[in-house]
Amino acid sequence: MKKILFGLDSKTYEHNFDKAALKSLRALPGFDVVVNFFLNWTYIKWHVIELQGSNFLVTRESCPELYNLVHEVADTLDVRPLPRFYTQWGYDINGYTTGYKEDTLLVLNSGTVDLLSDDELRYVAGHEMGHIKSGHVIYHVMGQLFNTAISQIPLVSTLTTPIYYGLMYWNRMSEFTADRAGLLACQDIDAAISAIIKMSGLPLKYFEKMNRDSFIKQATEFRKSFSGFTDNVIKAISIMGSSHPWTVLRAAELLLWYESGEYQRILNAAQVRTCPHCNLQIPDNATKCPYCGADL
């Protein structure tokens, strides 16, 4: 059973790269104007309507096993309210969140569900829940729309280049925070790493033979070997317009955090006990069970 992290604060595990990049992004001239434009535009509502009309809504009735797994992830990370959850056709291991404020949606590709074990799936679902918990969703939606607009309207790129690249840089840094949320959700570093290995391109026929230690060595060596000024410039230019950092780098950063002891500290700080009436985990200081309502 995964330990439920009642009252989990995303600030306790946010990556320093994420915090620094967001601070710089918000300081850019004109950024507030762009944010207000997006918040008042109909794109988000449009996308929500498209999802509801063309994707499979996962509920307790329509797909109970998958619904329960994702619901457990939300419980583990103390994400409230539970986002509406959809699946979409696609066989890469991927997912995303969209929406605004209380109308937040989680979308997972069908390949994510089919190709991952339950704990690997908890890691990916927890990663996406981490974006929700940290308030990343609206900025991610902005990044998606920026990419579309720039490809179709060159003038957008000319007028908003600093904001666009600042946004995409922060977007990549926010993934490191979400990876930590994914690990807190699945509570299994091996499952988290194996999910990243599968994302990295390991063919399906070799899933059962994957060598995690070899990939971990690759990730560790990448972090140590390519850390000079020229290396960092090359890495920055190579993914300047990308929304995600390289998977090997993500694994290296996640392992660094795990080995630092901060992950275990957060788990140890979560004080829980079991309700004697319904046998579910509850906050240690609860006087009434939030699930069955029994007095304690």
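In which sense do strand 1 and strand 2 pair, and over how many bridges? The legends below describe close-up views of a predicted model.

**View 1. Strand 1 beside strand 2.** Strand 1 (residues 56-57) pairs with strand 2 (residues 84-88) in the antiparallel sense, over 2 bridges. Phe56 has Thr87 of strand 2 as its bridge partner.

**View 2. Strand 2 beside strand 4.** Strand 2 also pairs with strand 4 (residues 103-109), here in the parallel sense and over 5 bridges. Leu106 in strand 4 is the bridge partner of Phe85.

**View 3. Helix 6 crossing helix 9.** The axes of helix 6 (residues 118-133) and helix 9 (residues 189-199) come within 8 Å and cross at roughly 80 degrees. Angles of 65 to 115 degrees count as roughly perpendicular, so helix 6 is roughly perpendicular to helix 9. Helix 6 makes the contact through Asp119, Glu120, Tyr123 and Val124, and helix 9 through Ala191, Ala192, Ser194, Ala195, Ile196, Lys198 and Met199. The residues of this contact comprise 7 nonpolar, 1 polar and 3 charged.

**View 4. The largest nonpolar core.** This core has 68 residues, of which Leu77, Met129, Tyr139 and Leu184 touch the most other members. Helix 8 (residues 154-186) gives the most to this core, with 10 residues.

**View 5. The surroundings of Leu77.** Leaving out residues up to four places away in sequence, Leu77 touches Leu8, Gly126, Met129, Lys133, Ala181, Leu184 and Ala185.

Key
Residues numbered from 1 in each chain as written. Predicted model: local features only at pLDDT ≥ 70, side-chain atom pairs only at ≥ 80, totals over all residues. Heavy atoms only, no water. Axes fitted to C-alpha atoms, helices over the stretch in contact; angles between N-to-C directions. Helix = DSSP H or I, 4+ residues; strand = E, 2+ residues; numbered from the N terminus. Parallel < 35°, antiparallel > 145°, perpendicular 65-115°, else oblique. Contact = heavy atoms within 4.5 Å. Nonpolar A, V, L, I, M, F, W, Y, C, P; charged D, E, K, R; others polar. Pairing = 2+ DSSP bridges. Core = buried A, V, L, I, M, F, W, Y, C linked by side-chain atoms within 4.5 Å. Buried < 20%, exposed > 50% of the residue type's maximum accessible area, 1.4 Å probe, protein only.
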